[in-house]
Amino acid sequence: MKTVKPHTGILVALTVITCWLVSLYFLLTWDFAWSNPLVYLMIVVQMHLYTGLFITAHDAMHGTISPYPKANNFIGYLSVFLYAGFFYNRLYVKHHQHHQHVHTENDPDFAPHGFWKWYLRFMLNYVTIIQLVIMAVAYNVLKIWIDEKNLLLFWVLPSLLSTFQLFYFGTYLPHKGEHDNEYHSSTLQKNHFVAFFTCYFFGYHLEHHQKPGVPWWQLYKTK
């Protein structure tokens, strides 16, 4: 199942990217007080928007943003680069290895060693030296104009927290343990509110493996 209307997937993707960008702009220029509870709420909101960037790139990997490959891949490249300086082509190869070799030693998203060892292996499979250099350069350039506490609180911290959100709800929880299906995946009970706010419906993970051509914003329909 591909996106029925050619421009709908692009509109959804650009909405996610724009929400992230607008939110980040205001947060980086916010003269906030530590006692303001909105500060901590906005960290969570920004974390969720970071997760949306990665989920958008994930849709691109399955060709569900646009039936036009150049548009689809451009949005994929843009999303993961904005997320944390990742390179789309590397993530593309790794993610399709996951789908082809799920729950095996050739699956880069699987490690039967408990949460923290699994998370470490997951990160080492995707993070590269060049990506860390890009982020370090970006940080040092941005802090010329932006208060460092804003950078740390609203740019660095939410992106790090979103890796846990993506890993726990999108990889660890669905694939841990043994399963009686060919995709070695479990799925959340049907609750679209919970499914969206935990990981953009990717808690419906068995359904994603069964129908990888369904974009995140239509995945709830497969439940």
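Me: Helices (H or I, at least four residues) and strands (E, at least two) are DSSP runs, numbered from the N terminus. How many helices and strands are there in the chain?
Reply: Nine helices and zero strands. Read along the sequence, that gives α-α-α-α-α-α-α-α-α. One caution: this is a predicted model, where local features need pLDDT of at least 70 and side-chain atom pairs count only at pLDDT 80 or more, while totals for chains, interfaces and linings use all residues. Residues are numbered from 1 along each chain as its sequence is written, and side-chain values use heavy atoms, with hydrogens and water left out.

Me: What share of the contacts comes from residues 24 or more positions apart?
Reply: A contact means heavy atoms within 4.5 Å. Counting contacts in the chain with a separation of 6 or more, 63% are between residues 24 or more positions apart.

Me: Which residues form the nonpolar patch on the surface?
Reply: Patches take residues with over 30% relative accessible area and no salt bridge; like charges are joined within 9 Å, nonpolar side chains (Val, Leu, Ile, Met, Phe, Trp, Tyr) within 5 Å. In this model the patch consists of Phe81, Phe87, Ile129, Ile130, Leu132, Val133, Val137, Val141, Ile144 and Trp145, together about 1000 Å² of accessible area. Helix H6 (residues 129–142) gives the most, with six residues. Ile129 sits in that helix and counts as exposed because its relative accessibility is 65%.

Me: What does UniProt list as "transmembrane region"?
Reply: Such annotations may be inferred rather than shown by experiment; feature names are shortened, and positions follow the numbering used here. The unreviewed UniProt entry lists residues 6–26, 38–55, 75–93, 123–146 and 152–173. Residues 38–55 are 100% helix and 0% strand, with end C-alpha atoms 25 Å apart. For residues 123–146 the figures are 75% helix, 0% strand and 28 Å. UniProt also places "domain: Fatty acid desaturase" (unreviewed entry) at residues 116–220, a span that is 64% helix and 0% strand, its end C-alpha atoms lying 29 Å apart.

Me: How many salt bridges does a search of the whole structure find?
Reply: Two. The test is a side-chain nitrogen of Lys or Arg within 4 Å of a carboxyl oxygen of Asp or Glu. Asp147 pairs with Lys149, the closest N and O atoms being 3.1 Å apart. Asp147 is partly exposed at 41% relative accessibility, and Lys149 is partly exposed at 26%. Glu207 and Lys223 form a salt bridge too, at 3.2 Å from N to O. That pair links distant parts of the chain, 16 residues apart: Glu207 is in helix H9 (residues 205–210), Lys223 in the segment after H9.

Me: Is Glu207 buried or exposed?
Reply: Glu207 counts as buried because its relative accessibility is 9%, whereas Lys223 is partly exposed at 28%.

Terms used
Areas by Shrake-Rupley, 256 points an atom, 1.4 Å probe, with all protein chains shown as cover. Buried < 20%, exposed > 50% of the residue type's maximum accessible area, 1.4 Å probe, protein only.
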